[in-house]
Amino acid sequence: QVQLVESGGGLVQAGGSLSLSCAPSERTSRVYAVGWFRQAPGKEREFVTHIRWRDGTTYYADSVKGRFTISRDTTKNTAYLRMSSLKSEDTAVYYCAAQGGWSDKLYYTPDPYDYWGQGTQVTVSS
């Protein structure tokens, strides 16, 4: 079955930048949207950003707005997360998630997403 694979995590100094990628392990013919979530130790999984595949419409959590940019390459079926002006509080495991079709569930919760990656660690040193 379809699985998502994240890449690009690592260690970066505060104020720096880092880019993440998310791609399916198998070819897929159906995607409605892709989201990024993150989870810091001892905290619940938190919504970061979301992009609708058809037209590229994006949404961002207030905490990352103006610093993070989500994008997609429809030819490669790959989503990206560009993180800039990183802060210590951005430290977390970052997960990508794919929504296979339209859902009445809210995009900023995990509920509408059908596929998840294993996560990639992002550590911002202060």
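Student: How much of the chain is buried?
Tutor: Of its 126 residues, 38% count as buried, meaning under 20% relative accessible area with a 1.4 Å probe and protein chains only. The model is predicted, with local features needing pLDDT of at least 70 and side-chain atom pairs pLDDT 80 or more, while totals for chains, interfaces and linings use all residues. Side-chain values use heavy atoms, without hydrogens and water, and numbering starts from 1 along each chain.

Student: Which residues have the most contacts inside the largest nonpolar core?
Tutor: Leu20, Trp36, Phe68, Met83 and Tyr94, in a core of 30 residues. Such a core joins buried Ala, Val, Leu, Ile, Met, Phe, Trp, Tyr and Cys through side-chain atoms within 4.5 Å.

Student: And which element gives the largest share?
Tutor: β9, with five residues.

Student: What does Met83 touch?
Tutor: Leaving out residues up to four places away in sequence, its partners include Leu18, Leu20, Phe68, Tyr94 and Val122. Contact here is heavy atoms within 4.5 Å.

Student: Changing topic: how many helices and strands?
Tutor: Zero helices and 11 strands. These are DSSP runs, H or I of at least four residues for helices and E of at least two for strands, numbered from the N terminus.

Student: Why call the chain as compact as a globular protein of that length?
Tutor: Because its radius of gyration is 14 Å, close to the 14 Å from the globule rule for 126 residues. The radius is over C-alpha atoms, and the rule is 2.2 Å times the number of residues to the power 0.38.

Student: What box do the C-alpha atoms fill?
Tutor: Roughly 40 × 25 × 25 Å along the principal axes.

Notes
Buried means under 20% relative accessible area, exposed over 50%, partly exposed in between (1.4 Å probe, protein chains only).
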